[in-house]
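Please take me through this model in the viewer, one selection at a time, and tell me what is to be found at each stop.

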Amino acid sequence: MRLRTLTLAAASGTALLAAGLLPAHASADAGSAQEGTVSAADLLAKVTSCSQISNGKYKTDDETSATVPVCGKNGAVFWKADMDVDCDGQRTTNCNEDRDPWYQDDTAFHQSDGKPLKAETLPYVVVPSSSSIWNYSGAGIKGGGVVAVVYNNKVEYAVVGDTGPTQIIGEASYATAKALGIDPDPETGGTDSGVTYILFKNSKVSPIESHSAAVSLGDQLARQFIANN
């Protein structure tokens, strides 16, 4: 987690994954991060209106005004925001003190072996720490919970992996950004808008570090979400 003081530059779109590197469950389209069987369009169609469940709204960065509510749906909560890049957790080639001025060597939730998560390789989402605005745990959101992250007509399944500032929303791991074609650089990357985060209530991936488990459970929960909303 970090306190951003600068507005992030818009994503350049140059970090798209090469089709040959996509996992077997992804779409064959070059640069696509579609995971599972539910399309981005089908998910977005269910989150066109907001029934606000947060007591207030969040900022996307320190210097912006509070404009982002947490919204409730059957079986999920969601918000639409930017994406700041979180590189916290285990030190790796691209996530360390030299690459990230806000780097911290821990995450709120840990792997099954007790070690912090790996932001460079594990898609995870940061939720705001509990406050008078909103208490994520009271809404059925927990560490390891499944999140469908939708951006630019792509779907990436992630887990709830870290907590952030109490007044700021819109952050995900290096791996999440990269998979969605967003510049994953922790200092200059991210995107200023256009990201939808759908968090499925009372879900938990085990072990939390298994992305394939997150995709499998996420696809199941996404289909339920479409049917129930």
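**A tour from cavity to core**

In this predicted model, begin with the largest cavity, whose volume is about 50 Å³; the structure holds one cavity of 30 Å³ or more.

Next, select helix H3, residues 211–228, and check its length: at 1.5 Å a residue its 18 residues should span 26 Å, and because the end C-alpha atoms lie 25 Å apart, the two values agree. Within H3, show the side chains of the buried residues, among them His211, Asp219 and Phe225.

Now turn to the largest nonpolar core, which has 59 residues, and pick out Trp79, Trp134, Tyr197 and Phe200, the members with the most contacts inside it. At least two residues of this core come from each of H1, E2, E3, E4, E5, helix H2 (174–179), E7 and H3, while E2 supplies the largest share, seven residues.

Finally, centre the view on Phe200: leaving aside residues up to four places away in sequence, Phe200 touches Gly75, Ala76, Ile141, Val146, Ala148, Tyr157, Gly218, Leu221, Ala222 and Phe225.

Notes. Residues are numbered from 1 along each chain as its sequence is written. This is a predicted model: local features need pLDDT of at least 70, side-chain atom pairs count only at pLDDT 80 or more; totals for chains, interfaces and linings use all residues. Side-chain values use heavy atoms; hydrogens and water are left out. On a 1 Å grid over the protein atoms alone, a cavity is a set of points where a 1.4 Å probe fits but cannot get out, and a pocket is an open set with protein on both sides within 12 Å along at least five of seven lines; lining residues have an atom within 4 Å of a point. Grid points are joined across faces, edges and corners, and a volume is the space filled by probe spheres set on the points. Helices (H or I, at least four residues) and strands (E, at least two) are DSSP runs, numbered from the N terminus. The expected span of a helix is 1.5 Å times one less than its number of residues. Buried means under 20% relative accessible area, exposed over 50%, partly exposed in between (1.4 Å probe, protein chains only). A nonpolar core is a set of buried Ala, Val, Leu, Ile, Met, Phe, Trp, Tyr and Cys residues joined through side-chain atoms within 4.5 Å. Contact means heavy atoms within 4.5 Å.
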